[in-house]
Protein chains: 2
Amino acid sequence: MLKRVHHINFVVRNLEAAVKHYQNVLAVGPFEILEHPHRPVKTARFQLDGTWIVLVQPLDNDSAPARHLQKYGEGFFLISYEVDDIDNAIQHVKENDGVLVDEISRPGILNWQVADLDSDSAYGATVQLVEEKKIPPEPEG
Amino acid sequence: MLKRVHHINFVVRNLEAAVKHYQNVLAVGPFEILEHPHRPVKTARFQLDGTWIVLVQPLDNDSAPARHLQKYGEGFFLISYEVDDIDNAIQHVKENDGVLVDEISRPGILNWQVADLDSDSAYGATVQLVEEKKIPPEPEG
């Protein structure tokens, strides 16, 4: 059911400072900066051999990443595993007594359609399922 | 410098229960069970498209994973990025004002040679560098 580690999110207080740290100390990049108004957060991501590392700065005090930051401080926020079909994967989790935060998938950044498992029931880790939805081509003309 | 996400460690209290959860709810496996006497911990790992997911149960109260479990509870413990040459990577981190827990690399499980960065200086995430050392072939005869 899980194909690969699609992305890993780290919550940070200051996106710009964290990006500089990663660029200098770990020699990674280039970064793409993306806003994600649904959360709301500001993100910076780079890719390593198919896996996105996403730095996430909350822009409010009430979203899941903001609450994580308040409770645990900066650091790992979630791991997202790619699946072929998010609805089927949600169904499998439910049938095997997994506990979901999102019983119906919700939009992530770009064309990512995601569903989070409840971390208390998943040994403390926020585990996410993600499907990259095909984007229909722009109509011509 | 970083080639890929080599492994991600999650600390758990009960390895057997966590393995069952992953097998049932996320339909992953097979798991390899490995002891790591240097820490000391017991680990179970499975691989997804080249990245190891490692569940770690501390066997003492004083190791880094045990202290992480006491402080934060179960969940994400560290992300390990593969490098070609661990000594060169350590040197790069030092020259760019990164802070290392391991100024000299130390043995991980199997042929993994690792060095951890200090999490307070790395935006709360425990970031590790890892080189898979070539194992010399067994002498014949």
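I began with helix 3 of chain B, residues 86-95, in this predicted model, and I found B:I86, B:A89, B:I90 and B:V93 to be buried there. I then checked how these four residues are arranged, and they cover an arc of only 100 degrees around the axis, which means that they sit on the same side of helix 3 of chain B.

Turning to the face of helix 3 of chain B that points away from its buried side, I noted the exposed residues B:Q91 and B:E95.

I next looked up what covers the buried residues of helix 3 of chain B, and the cover includes strand 7 (112-116) and strand 8 (127-132) of chain B together with helix 1 of chain A.

I recorded 32 residues of chain A in contact with 32 residues of chain B. On the side of chain A that touches chain B, the elements giving two or more residues are strand 1 (4-11), helix 1 (15-25), strand 5 (75-82) and helix 3 (86-95) of chain A. I sorted the residues of that side of chain A into 18 nonpolar, 10 polar and 4 charged.

Finally, I compared the two copies, and a rotation of 180 degrees, with 0.0 Å of shift along its axis, superposes chain A on chain B with an RMSD of 0.0 Å. The copies are therefore related as by a two-fold rotation axis. The same surface serves both copies, as 100% of the contact residues of chain A recur in chain B. I also noted that, of the residues of chain A, A:F76 comes closest to the rotation axis, its C-alpha lying at 3.3 Å.

Note on methods
Residues are numbered from 1 along each chain as its sequence is written. Chains are lettered from A and ligands numbered from 1 in the order in which they are written. This is a predicted model: local features need pLDDT of at least 70, side-chain atom pairs count only at pLDDT 80 or more; totals for chains, interfaces and linings use all residues. Two residues are in contact if their C-beta atoms, placed from the backbone, lie within 7 Å. Ala, Val, Leu, Ile, Met, Phe, Trp, Tyr, Cys and Pro count as nonpolar, Asp, Glu, Lys and Arg as charged, and the others, Gly among them, as polar. Copies are superposed by least squares on the C-alpha atoms of residues with pLDDT of at least 70 in both. A residue is buried if 20 or more other C-beta atoms lie within 10 Å of its own, exposed if 12 or fewer, and partly exposed in between; C-beta atoms are placed from the backbone. The arc is that of the directions from the helix axis to the C-beta atoms.
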